[in-house]
Amino acid sequence: MLNRKQAPPVQRIEHIAFIEPEVFQLCSFVPVFWRKQLPNETSKIELHFAAGTTTHQAVVCSLCAGMLISGTPTKNALRIQRGFDALGAYYDVSISQDEAIVSLYALSSQLVAAYQWFHTCLFEACFPEKEIRELINERQQKILVQQQKVSFIAQRQFQQQLFANTPYAQLIEYADFATVTQQGLQEVHQAAYLNGLLRVYLIGNIEQKPLQTLLDLLGQYGKGQSRTAAFEWNHQTGAIHIEQEGALQSAVRIGRPLFNKTHPDFCAFSVLNTILGDYFGSRLMSNIREDKGYTYGIGSYLVENPRFGYFVIGTEVGVNTREATFREIEHEFERLKTELIGQEELQLVQNYLLGQLLKSADGPYAMLDLFEGVQTMGLELSFYDRYIHEIKDVSPRRLQELAQTYLNWDEMLIISAG
């Protein structure tokens, strides 16, 4: 009989058996990564376009993504949406600084038909003036509301200072919407979408004939000029406070340039970052939330881009405890730099990270996301085996050395608003 008073033994992960996606080359510049052999009839196609906010004027890129298939000469937005509904399909678009990502979900038997509908609407998109004005009004109201939030103010200032003098520092301002024209949207649509397809991720059990139909449609995209934003770190350091009269809380962002998965210190620093602030039992949470009661939540994160990465701590605290919060964060930096982490705490975090990795590899969709996470960095799935072994083998001394190298208070950009 199962003894429910005794916890099951912990079995540490040694290896995750990933299934590599099959690769098609549409042409010399667009790969298709296909994950098949699913245990169900769901499917998804994900298209990555060179249409991020750093590739053209940020406000135009954002609006273009927001109304990508909102109308053609013969179909309005309502009819387009009803076409997806009739196929049981769901469409979504997201935009980052470098790319716009279109995701289309449907049953595998309907995916090609759903993509055909999307493809027609995308290639015939005309950006009706009425739809443009409605979206602009909506975005203007949204930015007016956000400008009253200390978290929004702090994050924008942090981005501007961290990415100073690079395209990644550009932000959408209220006045920018007045410069948007239908022609500008059409130009970005032509350059960044119809001639800006970068790669495609496909998941689902698709038969050969509909698969070929899909590949033929994908082959209709043209190749445009590379729009990769120039980048070189020229970040600022030191503290900046933005006073907001009447604010009860201060939003805080503290960070510095760092690295992504391609860096040899990435895996070990992931352990250090988790101990510091990247899970609920972290030192920042224990100190600033549980002990001091300055905040409801605080966390530290590694943000990655294919060409760079950065470290950031984010929280909101009472205006009267802002300076005390800074002192406590600096105190936690110094502890990591001067005291060796205990084996019990280290083992807890190692097990947590390995468990999170195993959880993030649960199922074909999750595995394809993990593949995408390394493929865009120029790495292979073998990265995760290295990640597992480096997480398990990292020593307290190694973590202390990383803290001494990367967690220096005078090298941090410190932004607060409130």
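**Lining of the second largest pocket and overall fold**

Five elements each supply at least two residues of the lining of the second largest pocket: helix H8 (266–277), strand E9 (298–305), helix H11 (343–360), helix H12 (364–375) and helix H13 (382–393). Helices (H or I, at least four residues) and strands (E, at least two) are DSSP runs, numbered from the N terminus. The model is predicted: local features need pLDDT of at least 70, side-chain atom pairs count only at pLDDT 80 or more, and totals for chains, interfaces and linings use all residues. Residues are numbered from 1 along each chain as its sequence is written, and side-chain values use heavy atoms, without hydrogens or water.

H11 gives the largest share of this lining, 5 residues. By class, the lining holds 12 nonpolar, 7 polar and 4 charged residues. Ala, Val, Leu, Ile, Met, Phe, Trp, Tyr, Cys and Pro count as nonpolar; Asp, Glu, Lys and Arg as charged; the others, Gly among them, as polar.

The protein has 14 helices and 11 strands. Its radius of gyration, taken over C-alpha atoms, is 24 Å, close to the 22 Å that the globule rule (2.2 Å times the number of residues to the power 0.38) gives for 418 residues, so the protein is as compact as a globular protein of that length. The C-alpha atoms fill a box of roughly 65 × 60 × 45 Å along the principal axes.

Buried residues (under 20% relative accessible area, 1.4 Å probe, protein chains only) make up 50% of the 418 residues. Among contacts (heavy atoms within 4.5 Å) with a separation of 6 or more, 81% join residues 24 or more positions apart.
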